Amino acid sequence: MKSTGRCRAHTNIALIKYWGKRNEELFLPMNSSLSLTLDAFYTDTEVVLDDDLDSDEFYLDNTKQGDKETQKITEFLNLFRNLANIETKACVKSYNHVPTAAGLASSASAFSALAGAMNQAVGLNLDLKTLSTFARQGSGSATRSVYGGFVEWSMGEDDKSSTSHAVPVDDAKWDIGMVVIAVNTGRKKLSSRVGMKQTIETSPFYSSWVETATSDLTKMKEAIKGHDFITLGEITESNGMKMHATMLGAFPPISYWEPDSVKAIQKVKEIRETGIPCYVTMDAGPNVKVLCQQSDMKKIEELLLEDFNREQIIPSTVGEGIKLLNASEWNY
Ligand code: ADP
Ligand code: DP6
Ligand code: CO
């Protein structure tokens with residue numbers, strides 16, 4: 001017997017960052033974080049549970065993945081199989097409409113889409129909150145991609161897995177978007193997982209990072225309530241820079257930046273000085289994201305074109321939460 005589930009999840013970019021786990025096994029974060037889901041980047045994933053399979057199979061962008069990558073999928077699917085009390089193996093086919101492992105949050109859309117697809121394949125009918133706690137255990141940032149718009153991932157209490165999940169923050173319509181400046185879309189050398197662990201273990205700035213991220217989050221939620229884009233942008237830029245400063249303090253020092261990252265940051269500052277509000281943030285990769293008002297996006301793109309190529313500039317509006325795809329929507 002075969003049973004199929006298909007799901008699309010969009011990536012999300014953190015405005016208040018997650019950079020470290022207090023429990024690695026359960027993916028419980030050191031601090032709560034807050035993100036914006038993006039429309040332009042997503043992952044589509046199909047799970048086929050098949051009694052005839054002897055082991056799980058995993059294809060990413062039509063390429064069969066090796067044991068290490070497949071093992072990660074197996075462990076993740078086991079969360080669902082244990083709950084459903086089944087052992088049926090799965091064939092997983094996933095397609096990234098986002099560069100993989102480049103600091104553009106492929107792991108976020110990946111595990112959120114996998115959670116949605118597996119939920120459908122198993123027929124568990126888990127609610128979004130439970131899917132968010134499951135997605136978290138594939139990749140922390142994936143907990144937020146279950147929802148659209150502004151999303152908060154609450155760090156949860158003690159070591160109970162069920163209390164750390166995402167919630168949508170604000171359903172008001174915002175004039176907001178993000179322009180990605182693609183500096184390098186190749187695979188990073190140091191994964192987010194290893195980078196954050198090394199930072200916790202060796203950066204003397206780490207405890208200050210957690211303190212400041214916590215107070216930044218409180219201020220950002222106030223700014224969201226007050227519909228205050230400028231304050232939102234200022235906190236976003238400051239929080240992202242503080243995360244990178246904390247990494248630089250690690251031993252050996254960690255930096256995901258490239259010369260063009262600096263060029264992009266300086267350009268955004270110049271654009272801001274012309275009176276257009278726009279703010280940068282960066283994740284575990286060299287690419288720069290510009291938080292801006294959607295109504296300013298065209299103008300910002302034009303100005304960025306003075307220094308970057310057309311292909312390097314990818315505008316995005318706000319994305320929605322996970323969505324099941326039926327057979328006619330599956331065009332692979
Ligand atoms: P990113 O900045 O892209 O999130 P990470 O280092 O956090 O980079 O995660 C990249 C890893 O996420 C990949 O090496 C792979 O293990 C996993 N990943 C990415 N896309 C998928 C996918 N569609 N399905 C399953 N796993 C994926
Ligand atoms: C810098 O969620 O990719 O993008 O939980 O180990 O899979 P794992 O890491 P991941 O880390 C994301 C780090 C970040 C900030 C963020 O998205 O909050
Ligand atoms: Co990631």
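Domain bounds here come from an automatic or database domain assignment. The structure is a predicted model, in which local features need pLDDT of at least 70, side-chain atom pairs count only at pLDDT 80 or more, and totals for chains, interfaces and linings use all residues. Residues are numbered from 1 along each chain as its sequence is written, while chains are lettered from A and ligands numbered from 1 in the order in which they are written.

The assignment gives domain 1 (2-173 + 324-329) and domain 2 (176-316). Their C-alpha centres lie 23 Å apart. The contact between them takes 28 residues from domain 1 and 35 residues from domain 2; two residues are in contact if their C-beta atoms, placed from the backbone, lie within 7 Å. On the domain 1 side, β1 (2-16), β4 (33-50) and β9 (166-170) give two or more residues each. Helices (H or I, at least four residues) and strands (E, at least two) are DSSP runs, numbered from the N terminus. β4 gives the most to this side, with 6 residues. By class, the side of domain 1 that touches domain 2 has 18 nonpolar, 6 polar and 4 charged residues. Ala, Val, Leu, Ile, Met, Phe, Trp, Tyr, Cys and Pro count as nonpolar, Asp, Glu, Lys and Arg as charged, and the others, Gly among them, as polar.

Both domains give residues to the shell around ligand 1, so ligand 1 lies between them. A residue is near a molecule if its C-beta atom, placed from the backbone, lies within 6 Å of it. There are 21 residues around ligand 1, and Ser94, Ser106, Ser107, Ala110 and Ser192 come nearest. α1 (67-84), β7 (90-97) and α2 (106-122) each supply at least two residues of this shell. α2 gives the most, with 4 residues. The shell around ligand 1 holds 8 nonpolar, 11 polar and 2 charged residues.

Ligand 2 is surrounded by 15 residues, and the closest are Ala14, Ser139, Gly140, Ser141 and Arg193. Domain 1 and domain 2 each supply at least three residues of the shell around ligand 2. This shell divides into 6 nonpolar, 6 polar and 3 charged residues.

An open sheet is formed by 4 strands in the order β11-β12-β10-β13, with antiparallel pairing. β11 and β13 (313-316) stand at the edges with a single partner strand each, so one side of each has no neighbour in the sheet. Neighbouring strands are turned by 25 degrees against each other on average, direction ignored. Two strands pair if DSSP finds at least two bridges between them. β11 (residues 278-282) and β12 (residues 288-292) pair over 5 bridges, and a hairpin of 5 residues joins them. Within this pair, Val280 stands opposite Val290. Axes are lines fitted to C-alpha atoms, for helices over the stretch in contact, and angles run from 0 to 180 degrees between N-to-C directions. Helix α8 (residues 297-304) lies across β10, β11, β12 and β13, at about 15 degrees to β10.

In β11, 5 of 5 residues are buried. A residue is buried if 20 or more other C-beta atoms lie within 10 Å of its own, exposed if 12 or fewer, and partly exposed in between; C-beta atoms are placed from the backbone. In a regular strand the side chains alternate between the two faces of the sheet. From β11, Cys278, Val280 and Met282 point one way, and Tyr279 and Thr281 point the other way.

Ala105 lies in the loop between β7 and α2. Its phi is near 70 degrees, a positive value in a residue other than glycine. Ala105 counts as buried because 30 C-beta neighbours lie inside 10 Å. His227, in the loop between α5 (206-225) and α6, also has a positive phi, near 55 degrees. With 13 C-beta neighbours inside 10 Å, His227 counts as partly exposed. A cis peptide bond joins Phe251 and Pro252, with omega about -5 degrees. Pro252 is in the loop between α6 (229-248) and α7.
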